[in-house]
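Hi,

Here is the structure I promised to pass on. Please have a look at it first, and then read my notes below.

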Amino acid sequence: MMHLKRISTYISVPVTKKAVIVLSLLLLLGGGWANAQNRLKKVATVEKDTIPWFNGMAVSVDLIGPAQLMVSDYGQYEASLRVNLKDKYYPIFELGYGKADAFDESTQITYKTSAPYARLGVDWNLLKNKHDDYRLFGGFRYGFTYYKYDISSPPIKDPVWGGDAPYGAEGVSANYHWLEGVIGIDAKIWGPIRMGWSFRYKRRVAHNDGDMGNTYYVPGFGKQGGSRLGGTFNVTFEI
């Protein structure tokens, strides 16, 4: 009588040194990938922008306009109110009062005016780090003014009829509308105080000079002309 023997079969796969190295590398790569994902999640959480959409307001005054009045025959006083939207967008309203009292020695013509003006616009913070103490701005403005002026000169000799003809008028109504391209910088000086400057290119879009020809000075725009360069130097108080 035959006895069946239980036969156990073992299949063994030889483990080489090369296989161990490959397996170890795979384990290391898998662990490294998991760690990298965890680090990215942590960085994303840390760098999340928590600046609110409405981030305050700022009031500014320009120092160049008053200096112009001290050294020339025209200038202006100007202040602005600027809203901070997430340190990126800055809607702005500028209000000023311009005046001129000019006399031309060659023509003997006197020109006087004083009137308010306004500008509306927006600036963009162009720096990559929007929350830095320094800001680089680019923007635009729409400006307008309605003003009156007085103009006078000695009598003019009439070339046809002879004699002297008076030349002058008072309270002549005029208006001016223009656009401005703006670029500028400002920086935090101390606490809520900032200082900076802007450079502006102005372009006239519509105007009415009244009945006496081109006006010498336009409040807020400057000397008469189709285009003009200008600038401001601002001291700003952030609220």
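These notes cover the cavity and the aromatic pairs.

Please keep in mind that this is a predicted model.

Strand 7 provides the largest share, 5 residues.

Now the rings. There are 11 aromatic pairs in the model. In one of them, the ring centres of Trp 53 and Tyr 89 are 6.4 Å apart with the planes at 55°, so this pair is tilted. Trp 53 sits in the loop between helix 1 (17-46) and strand 1, while Tyr 89 belongs to strand 3, so the pair ties together parts 36 residues apart in sequence. Trp 53 is exposed at 52% relative accessibility, whereas Tyr 89 is partly exposed at 27%.

Tyr 74 and Tyr 217 also form a tilted pair, with ring centres 5.2 Å apart and planes at 35°. Tyr 74 is in strand 2 and Tyr 217 in strand 8 (residues 217-218), so parts 143 residues apart in sequence are tied together. Tyr 74 is buried at 10% relative accessibility, and Tyr 217 is buried at 0%.

Finally, Tyr 111, Tyr 147, Tyr 149 and Tyr 216 make up one aromatic cluster.

Best wishes

Methods:
Residues numbered from 1 in each chain as written. Predicted model: local features only at pLDDT ≥ 70, side-chain atom pairs only at ≥ 80, totals over all residues. Heavy atoms only, no water. Helix = DSSP H or I, 4+ residues; strand = E, 2+ residues; numbered from the N terminus. Phe/Tyr/Trp six-rings, centres within 6.5 Å; stacked < 30°, edge-to-face > 60°. Buried < 20%, exposed > 50% of the residue type's maximum accessible area, 1.4 Å probe, protein only.
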